[in-house]
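User: I'd like to learn how to read a structure like this one, feature by feature. Could you walk me through it?

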Amino acid sequence: MKRILIFITAVGVAIVLCATIPHTQEPAPRIHAVDDGLALTPPMGWYPWNIFGQDPQNEKLIKEIVDALVSSGLKDAGYSYVGPDEGICFLRGNDGRITTNLERYPSGLLGLGNYIHQKGLKYALYTDAGTHTCSGAMPGTKGHEFEDMRQFAEWRADYIKIDWCNTEGQDIVKTYTTLRDAQRAAGHPIVHSLCSWGDGEPWKWAAQVGHLWRTTTDICAPGKADWDLAMNIAAINEKLFPWAGPGHWNDPDMLITGMPGLSEVQNRAFFSLWCMMAAPLMAGNDLRDMSTSTIRILTNPEAIAVDQDPLGVQGHIIRMDGKVSIWAGKPLFDGSQAVLIFNQGTSWEAVAIQPSEIGISQKTAFYVRDLWRHTTAGPSISSNSVISVRVEPNDARFFRISRSNDFPLPPIIVANTYRVSLRAGGSSPQELNGMITLTNKGSSELSLWKVRQDIPDWLSVSVAKNGRSQTVANTVSTAGLKKGLYHAVVRLDNTDPISAKPMSAVYYDVDLEVTDDVGGTLR
Ligand code: GLA
């Protein structure tokens with residue numbers, strides 16, 4: 001549908017434009033069918049493929065990246081899922097089971113997961129739905145779906161990317177549904193990332209099956225960013241906006257921010273586009289070697305706040321003005337909204353937006369927050385103002401527009417650790433304690449995390465506030481326990497303080513080793 005828009009720009013020129021009103025598509029299911037509380041905002045983390053490809057991946061590299069993720073400030077900005085992609089990390093033995101490739105990962109894949117969890121990060125692994133992974137170097141899950149998902153659960157994976165190579169003759173919906181059933185049967189909470197590059201139009205059915213799905217081909221060949229390809233991918237992914245929402249996301253592939261081949265302006269524009277599309281933010285650059293500008297872009301809390309907004313709406317293009325696209329349609333949890341103006345031309349452009357175009361009613365006072373310059377303009381009155389901006393080639397201006405001069409950041413939860421590991425020696429009953437601290441890097445107060453009461457008798461968990469953080473005390477009582485290894489997954493739930501929407505659940509592991517049979521009775 002087309003309509004005519006007439007407005008006056010900052011320089012007083014009358015413009016008549018034909019605007020394309022987006023074609024309405026079949027609405028997506030509102031809620032992820034698996035009510036597991038996972039990925040209610042787009043997953044953030046790091047995956048190796050974009051910069052490294054397969055060969056250099058090994059335990060040393062992944063651990064160095066994990067350390068850099070923490071020391072660079074990315075962890076505090078919300079990045080949490082990390083682990084190997086297709087990097088020959090496991091092999092299939094003669095008994096049909098997958099086991100760690102110990103040459104590359106000497107601590108084993110459980111050991112790597114423990115390392116990641118101890119740092120307060122979440123563990124991501126990779127596999128394929130067919131006979132083999134894409135390079136053919138690793139086994140796929142075909143015919144082994146249940147055993148493999150059990151093994152990933154034993155390795156304590158929190159996230160699994162499942163590729164679609166070597167799947168000739170397989171029905172895509174049935175295959176990924178079986179994999180989902182296998183994940184549920186394995187019992188460990190896991191984010192399911194489908195990677196069929198748009199094959200089988202997963203946006204139409206995969207909300208029932210997983211938490212995110214790739215919508216396009218790979219964003220680059222390993223090692224170098226490809227700007228034109230990334231822009232094609234953005235154009236495809238943008239059109240799929242009706243299908244995304246909390247727990248089910250369109251995934252236009254991992255980030256290329258900070259990779260060789262992009263200017264600072266392109267890095268910033270790219271990151272703005274991915275945040276506007278509520279895309280998963282899986283960094284794809286070498287975190288051990290980042291410029292200050294790359295770190296600043298990847299950790300900009302005001303841009304991340306748009307991506308991680310609890311309403312989970314994907315923004316889209318509302319108008320094209322030559323080579324300039326105007327993106328809106330992304331309401332945020334506090335009643336504000338995000339607006340992005342992106343210039344794909346070769347010279348700078350002056351752009352004007354009528355407040356009414358983005359739904360601001362007449363005679364309303366509004367403030368405009370520049371998410372890269374961190375400045376606020378306003379109040380302006382909608383009936384006599386246009387929003388006028390200048391945009392350089394390749395650049396994106398990224399704004400948040402609100403009736404109030406307050407731009408709260410949604411909750412971003414950072415844990416000191418996701419693993420409590422305790423050991424009890426001797427046959428007398430003991431009480432042991434392990435603490436987890438959850439810090440909200442957003443700007444509003446959270447209520448107390450609620451503990452799900454599905455924990456074993458030997459464990460009790462209580463939560464207390466400690467300034468901006470909350471401490472989660474885990475108390476283990478060994479009375480009456482037999483010698484052995486014990487394990488529990490603790491789940492905590494909360495809601496966003498402003499929108500009251502559920503927040504992604506927090507999970508962590510408690511491991512207990514009891515060295516002797518213990519007397520006494522259980523609490
Ligand atoms: C596919 C995926 C990539 C990467 C490679 C590994 O191409 O789309 O993201 O996982 O496989 O071979």
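This is a predicted model: local features need pLDDT of at least 70, side-chain atom pairs count only at pLDDT 80 or more; totals for chains, interfaces and linings use all residues.

User: Which ligand atom is 2.7 Å from an N or O atom in the side chain of Asp163?

Analyst: An oxygen atom of the ligand is at that distance from Asp163. Asp85 has a polar side-chain atom 2.7 Å from an oxygen atom of the ligand, too.

User: Next, sheets. What is the strand order in the open sheet of eight strands?

Analyst: To read a sheet, follow which strand pairs with which; two strands count as paired with at least two bridges between them. In this model the order runs E11-E10-E9-E8-E7-E4-E3-E12, and the pairing is parallel. At the edges you find E11 and strand E12 (281-283), each of which pairs on one side only.

User: Can we zoom in on one pair? How many bridges link strand E4 and strand E7?

Analyst: Two bridges, in the parallel sense, between E4 (residues 81-82) and E7 (residues 122-128). Tyr81, for instance, has Lys122 in E7 as its bridge partner.

User: Now helices. How does the reach of H6 compare with the expected value?

Analyst: The idea is to set the distance between the end C-alphas against 1.5 Å a residue. H6 (residues 172-186) has 15 residues and reaches 21 Å, close to the 21 Å expected.

User: What happens at the two ends of H6?

Analyst: At the start, a side-chain oxygen of Asp171 comes to within 3.0 Å of the backbone nitrogen of Val173. Just after the helix, Gly187 adopts a positive phi of about 90 degrees.

User: Which residues of H6 are buried, and what do they pack against?

Analyst: For burial, check whether the relative accessible area is under 20%. In H6 that gives Ile172, Thr175, Tyr176, Thr177, Leu179, Arg180, Ala182 and Gln183. These buried residues pack against helix H5 (145-154), strand E8 (159-163) and strand E9 (191-195).

User: What about H7: which of its residues are buried?

Analyst: H7 covers residues 227-238, and its 12 residues reach 16 Å, close to the 16 Å expected. Its buried residues are Trp227, Ala230, Met231, Ile233, Ala234, Asn237 and Glu238. Looking down the axis of H7, they fall within an arc of 160 degrees, so they line one face of the helix.

User: What does that buried set pack against, and which residue caps the N-terminal end?

Analyst: The packing partners are strand E11 (249-251), helix H8 (264-276), strand E13 (316-321), strand E14 (324-331) and strand E15 (337-343). The cap is Asp226, with a side-chain oxygen 3.3 Å from the backbone nitrogen of Asp228.

User: Which strands are joined to E27, and how do they run?

Analyst: Strand E24 (residues 450-451) is joined to E27 by two bridges and runs antiparallel, with Val451 opposite Leu492. Nine bridges join E27 to strand E28 (residues 506-514), again antiparallel. One of the partners there is Asp511 in E28, facing His487.

User: Last one: where is Asn494, and what does its side chain reach?

Analyst: Asn494 is in the loop between E27 and E28. Its relative accessibility is 6%, so it counts as buried. The side chain reaches the backbone oxygen of Ser447 at 2.9 Å. Asn494 and Trp449 are 45 residues apart in sequence, yet their C-alphas are 5.3 Å apart.

Key. Residues are numbered from 1 along each chain as its sequence is written. Side-chain values use heavy atoms; hydrogens and water are left out. Helices (H or I, at least four residues) and strands (E, at least two) are DSSP runs, numbered from the N terminus. Buried means under 20% relative accessible area, exposed over 50%, partly exposed in between (1.4 Å probe, protein chains only). The arc is that of the directions from the helix axis to the C-beta atoms. Contact means heavy atoms within 4.5 Å. A polar contact is a pair of N or O atoms within 3.5 Å; within protein, one must be able to donate a hydrogen and the other to accept it, and residues adjacent in sequence count only if both atoms are side-chain atoms.
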